[in-house]
Amino acid sequence: MLDKDQLIAKFLTRSLSEAEQLRFNTLLSKDASFRAEVALLQDLNKVAEAEDDAMAKEMVAGFEAEHHNKQGVGKTRIWWVAASLALLLSIGYLVIQETPANTQKLFVENFEPYRNVIHPITRASQQDDLKTQAFAYYEQGKYDEALALFKKLYATTETPYYLFYQANALLQLNRPKEAITALQIHLKTKDTLTQKSHWYLAMAYLKLNDVTNAKKNLEQVVLENKYNVEKAKSLLKKLD
Amino acid sequence: MDLAQVEDLKSDDRLRLKALYNNYRNAFLHFGKGLGASEQTVLDIYQDAFLALRKRAVQGKLDKLQSSLKTYLFGIGKFMLFDALKKEGRTISMENPLQLVDEAVEEIPIVQGHELTKEQQLLRTFFVKLGKKCQLVLTLYYYRGLTIEEIVAKTDYGNANTVKAQKSRCLKSLKQMMP
């Protein structure tokens, strides 16, 4: 015969036989502690369902996102081919003209806001919370709005990556000095994105026409050997 | 009904689920657009329909299904699409000769679940604190309806007694967390 626990489990999954249902009903009416246990486990059943639903939803959103990422990669590749061509042409132009490296040109050719790896905006993220809004603005290129929210989020949570994304937004908005400040604070935190900080600092210094500091940071990028190493090396050559 | 596919749906195996998801995605996209919905709407609904299908499988409701999984999935999707289009104030013309309907797809109505009560929301915060092992055992027993033996088979617990002990311990921890 089933014990009480097994009986309740079968009740929850609607798989009681007629006889079992009768026994269940009897216990329910006569045994107060059984009633309490059923109430708790009914709640647990609903909670487990909600957690399971949430997990599955996120997983399926991931499947769908992979289809869109594939398209994204194709576009990124085309962008990089175009950018490389532009770079080659401008190098050729510079060589012919014998003019010193144009830092603004180099900035434009090399800077790209770092992609949102913290909180990808998928179909599942229909929440109205600040974090989702902030990263949604960022992905849409609305850097003013994104910046304001990242600042707010950093103020309340002190999570380092908000500083990193602030800096990216600031660079897009042509405010390199503030970007540098944000990146320098971010560097101290040593979160996973700090591997990219020196590259973005170099970008910011380029924007400021500060070749010395740009080079210093590019050299750091090469030394750390983690991110954009080849790009840093080729940029250093151009800046010499 | 393809039993192997139903097992895939119950499995929690990300790769198997992804394969199933991708298997029907294009056909569903074609089907949905044929009913007049936009690509984004169809994709949103495809995810919802797939989740509803998986939930039915997990709750043991597909074990005796007669039709093919595809027909069932599309039936759910069709119901959701009609619902969505109705909300947009649009109707579908089923008499349009340009519509391509490859098989008669019967709608399968899906009733959305209710929100958690306040007590359940509170319980959820404790449940999440229990950690993955406890969550798994409790979910398998009290939601998925697996027997102790089935849980032994599905997890890396050695035997029935270990599972029973773990289940008791987890339930006790949960009760202790409650006010």
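Visitor: How many salt bridges are there between chain B and chain A?
Guide: This is a predicted model, in which local features need pLDDT of at least 70, side-chain atom pairs count only at pLDDT 80 or more, and totals for chains, interfaces and linings use all residues. Residues are numbered from 1 along each chain as its sequence is written, chains are lettered from A and ligands numbered from 1 in the order in which they are written, and side-chain values use heavy atoms, leaving out hydrogens and water. A salt bridge is a side-chain nitrogen of Lys or Arg within 4 Å of a carboxyl oxygen of Asp or Glu. Between chain B and chain A the count is 10.

Visitor: Which residue of chain B forms a salt bridge with A:Glu37?
Guide: The closest N and O atoms of this pair are 2.9 Å apart. The partner of A:Glu37 is B:Lys175.

Visitor: How many residues of chain A are in contact with chain B?
Guide: Contact means heavy atoms within 4.5 Å. Chain B contributes 37 residues. On the side of chain A, the number is 33.

Visitor: Is A:Asp5 buried or exposed?
Guide: The term buried means under 20% relative accessible area, exposed over 50%, and partly exposed in between (1.4 Å probe, protein chains only). Because the relative accessible area of A:Asp5 is 18%, this residue is classed as buried.

Visitor: Which residues is A:Asp5 in contact with, leaving aside its neighbours within four places in sequence?
Guide: One of them belongs to chain A, namely A:Leu41.
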